[in-house]
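I opened a notebook page for this structure and wrote down what I looked up, in order.

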Amino acid sequence: MSVSDRAAQAFADRFGAAPEGVWAAPGRVNVIGEHTDYNGGFVLPVAMEHTTRAAVGRRDDGRVAFASLQGDGQVVTLALDELRPGYPEGWAGYPAGVVVGLRERLAGGVNVLVDTDVPVGAGLSSSAALTCSVALALRDLAAPELRPQDLVELARGAENDFVGAPTGILDQSASVLCTAGHALFLDTRDLVSEQVPLDLAAAGLALLVVDSGVAHDHAEGGYGDRRRECEEAAARLGVALLREVDDVSGLAALADGTSQGELLLRRARHIVTENARVLEVVAALRGDADPRTIGPVLTAGHESLRDDFEISIPLLDACVEAAVEAGAHGARMVGGGFGGSAIALVEAAAVDAVTAAVAERFAREGQPAPRTFVTVPSAGARRLA
Ligand code: GLA
């Protein structure tokens, strides 16, 4: 049975009628450009082949129901006018936030059943896959005028305003806008994007993803701290966004001799150097350069996240080190940080050796073997049925 049929069948089992359609949206890995999005900077994600599928059908009684093939099988059912930020809690808050964003178009309510193979809590944007699959469904059913950028904003609003996770637009943009065979070069300030061809297989390369198994959570903790630190650094420099600083020499004013000034300097230095790394990688991929040359740029990005931005964890540092020692051209942690996944750019012929070296390193650290897989740049959100 196809994944689309599986979702449609499960929907019919739960709700007693066929859905009006089935939609899919992918998770992502970001090649480079981490934590730049809420600073108005550059990002370069690819969509993965892993998706969340949403089977959706409208109701006529003003209620909404959310079911998932993952988790405890409970159907969360409530009146549309009961939905409010933070309620319902848990995974259903994500689709609920999207429904609320289009509330006036959905007065009769809606049934949503989701199924996913995007690893959850792994820094691979399972939440964006969820919100974007539902956003696309609701556009097709109730709001055909919405443009792709509107879907990004609708999905982001669900996370920021409804669930309360203060993310930027990297994940939702990747899930909606990516195309197969390309990385998405996005300027998050000007909202200009370009599809950059990325055919690693043709170059004999593979992008290996390593899920550390250490879950992260954006709704609290360090992610919000980093946002505030970046805002404070920008304010001290007199710019609206750190994106406006082109070169680390423009950060000198942060070094005021205090430990807070030194901390803000390091945070801002990550953003400025990371934006430069995105441009460097895009230039290499646009030109005739061997894609292997981007490897060291990825590793430099990791070091900057580890030392200046301080959002890595020792296990991801060990993972990156082990991958590079085993011959990866470059490797880095991806996503919001404090757990989640790493990527490694490896020779296709070396995938097994690098995977084994990483697993061996995890074992030495006393950790269970990580989940690993090779990902290829895949399609963004789409209708399946
Ligand atoms: C999370 C957020 C994104 C982005 C990344 C870090 O994935 O959802 O908006 O900030 O972290 O690059």
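Entry 1: I began with where the ligand is, and found that the ligand sits in the largest cavity. I note here that the model is a predicted one.

I then looked up the size of that space. The volume of the largest cavity is about 100 Å³. Twelve residues line the largest cavity, and Asp37, Leu170, Asp171, Tyr223 and Gly336 are the closest to its centre. I sorted this lining by class and got two nonpolar, six polar and four charged residues.

**Entry 2: the shell around the ligand.** Which residues come nearest to the ligand? I found 13 residues around the ligand, and the nearest are Glu34, His35, Asp37, Asp171 and Tyr223. Asp37, Asp171 and Tyr223 were already on my page, as they are among the residues closest to the centre of the largest cavity.

Entry 3: I looked up which protein atoms lie by the oxygen atoms of the ligand. For Arg28, a polar side-chain atom is 2.9 Å from an oxygen atom of the ligand. For Gly168, I found a backbone N or O atom at 2.8 Å from an oxygen atom of the ligand. Gly336 also has a backbone N or O atom by a ligand oxygen atom, at 3.3 Å. How much of the ligand's accessible area does the protein cover? On its own the ligand has 310 Å² of accessible area, and the protein covers 99% of it.

**Entry 4: the other cavity.** I searched the whole structure for cavities of 30 Å³ or more and noted two. The second largest cavity holds about 30 Å³ of space. Its lining consists of Val31, Leu198, Leu200, Leu207, Ile294, Leu298 and Leu345. By class I counted seven nonpolar residues in the lining of the second largest cavity, no polar ones and no charged ones. I set this beside the largest cavity, where the lining has six polar and four charged residues.

**Entry 5: the largest pocket.** Next I turned to open space. The largest pocket contains about 610 Å³. I found 30 residues in its lining, and those nearest its centre are Trp91, Tyr94, Val120, Ser126 and Ser127. Strand E6 (109–116) and helix H3 (126–142) are the elements that give two or more residues to this lining. Sorted by class, the lining of the largest pocket has ten nonpolar, 14 polar and six charged residues.

**Entry 6: the backbone.** I kept a general rule in mind: most residues other than glycine have a negative phi, and most peptide bonds are trans.

Is the peptide bond from Tyr87 to Pro88 cis or trans? I found it to be cis, with omega near 5°. Pro88 is in the loop between strand E5 (76–79) and helix H2 (93–101).

The other place is Ser125, a residue other than glycine with a positive phi, near 65°. I located Ser125 in the loop between E6 and H3.

Technical notes: Residues are numbered from 1 along each chain as its sequence is written. This is a predicted model: local features need pLDDT of at least 70, side-chain atom pairs count only at pLDDT 80 or more; totals for chains, interfaces and linings use all residues. Side-chain values use heavy atoms; hydrogens and water are left out. A residue is near a molecule or strand if one of its heavy atoms lies within 4 Å of it. A polar contact is a pair of N or O atoms within 3.5 Å; within protein, one must be able to donate a hydrogen and the other to accept it, and residues adjacent in sequence count only if both atoms are side-chain atoms. Accessible areas come from the Shrake-Rupley method with a 1.4 Å probe; for residues, only the protein chains shown count as cover. On a 1 Å grid over the protein atoms alone, a cavity is a set of points where a 1.4 Å probe fits but cannot get out, and a pocket is an open set with protein on both sides within 12 Å along at least five of seven lines; lining residues have an atom within 4 Å of a point. A molecule sits in a cavity or pocket if more than half of its atoms lie within 2 Å of its grid points. Grid points are joined across faces, edges and corners, and a volume is the space filled by probe spheres set on the points. Helices (H or I, at least four residues) and strands (E, at least two) are DSSP runs, numbered from the N terminus. Ala, Val, Leu, Ile, Met, Phe, Trp, Tyr, Cys and Pro count as nonpolar, Asp, Glu, Lys and Arg as charged, and the others, Gly among them, as polar.
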